[in-house]
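Student: I've got a model open and I'd like to learn how to read it. Can we go through it together?

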Amino acid sequence: MERIQLSVANVTGGLPQGAAKSGLSLAIGFFDGVHLGHQEVIRRAVAAARDKGLTPAVMTFDPHPRVVLGHGSQYEGVLTPLEDKLALFEELGVEAAYVIRFDREFSEVTAERFVKSIIVPLGVKATTVGFDFSFGHRGQGNAEALKEFGGGELQVQVVSPVYLDDSKVSSTRIRAQLAEGDCSAVRRLTGRPYLLKGLVVHGDARGRQLGYPTANLQLDQSYVIPRPGVYAIEIEVLSDAGTAESRHNGVLNVGYRPTFDAPGGALKLEAHLFDFEGDLYGRQLALRFHSFLRAERKFESINQLIEQIASDSARAREIFSVKARD
């Protein structure tokens, strides 16, 4: 999939050379979470491309506009970092991704200028947006503005919200489910387990001393972190190219280790891989959340903690055994 970076400089300085080689069917949005609603928008854009002989494309923004504009600290963590979003777009059939660097200067671009200086020169013939889509300075543009400023040459389709269990699928809903530790709900809203990626760094080797060696993960992006507690997870050990070299089941503790650490410490992610031997320091891992096992708590003795880890591991193994039989 071709990736083209855009910024406010493109509005006055011209688009990247070759950016308008063919007509585009363009889905536009931030698409955090790439949930069922987002997927429907993108699929409709891809279908329109096939029908009209256009190139299926997506335009997205980085970072989140609300963070740049100071309208919501809750958006500082993302459900799907940019690279993960782009990989999901490609799986949905997208052939070109236009990534706009969103900053204060770009936030001042009017809706009319955005359409006439970027959308039209890119060779966009058809756009697909969600029902709540807005763009341009202070969000003054909408689907009707796309049509108006496109001079009647731009086809616009608006996708209605997608509902699951009588409630609208949204990024906000996914964040709320993660705060509850509801992995199953997140998987149903997105069609896949929640994913975190990070680098294995040195810890205090406490897990090894307890008989359950753990990989201490330093996240490589500002992810939304699920509720503190213990999870059944699938772990991929990634190559330098980002592909999975091996896959393992395991358990993950997300929390503050109250049995060992004083209150107010940093949040830690510690993964124990089942049936794994080897050195993971400096390796990238991808963690997929399957089930919430229990809340984090303080244990009165090391033996109690060891017994609980053994119980957590046995329960996680049974969960994955059932999944394998289904």
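This is a predicted model: local features need pLDDT of at least 70, side-chain atom pairs count only at pLDDT 80 or more; totals for chains, interfaces and linings use all residues.

Student: How many helices and strands does the chain have?

Tutor: Helices (H or I, at least four residues) and strands (E, at least two) are DSSP runs, numbered from the N terminus. The chain has 11 helices and 14 strands.

Student: What share of the residues counts as buried?

Tutor: Buried means under 20% relative accessible area, exposed over 50%, and partly exposed in between (1.4 Å probe, protein chains only). Here 48% of the 326 residues count as buried.

Student: Let's take a helix. What span would you expect for α11?

Tutor: The expected span of a helix is 1.5 Å times one less than its number of residues. With 24 residues (302-325), α11 reaches 35 Å from its first C-alpha to its last, close to the 34 Å expected.

Student: And which residues of α11 are buried?

Tutor: An α-helix has 3.6 residues a turn, so residues three or four places apart point the same way. In α11, the buried ones are Leu305, Gln308, Ile309, Asp312, Ser313, Ala316 and Phe320. Their cover includes strands β11 (229-238), β12 (244-255), β13 (268-273) and β14 (284-294).

Student: Is His38 buried or exposed?

Tutor: His38 counts as buried because its relative accessibility is 13%. You'll find His38 in helix α2, residues 36-52. Contact means heavy atoms within 4.5 Å. Not counting residues up to four places away in sequence, His38 touches Phe31, Asp32, Gly33 and Ser171.

Student: Where does Leu69 sit?

Tutor: Leu69 is in the loop between α3 (65-68) and α4 (82-91). With a relative accessible area of 25%, Leu69 is partly exposed. Leaving aside neighbours within four places in sequence, Leu69 is in contact with Phe102, Arg104 and Ser107. As for Asp103, 34 residues from Leu69 along the chain, the C-alpha atoms of the two are separated by 8.3 Å.

Methods:
Residues are numbered from 1 along each chain as its sequence is written. Side-chain values use heavy atoms; hydrogens and water are left out.
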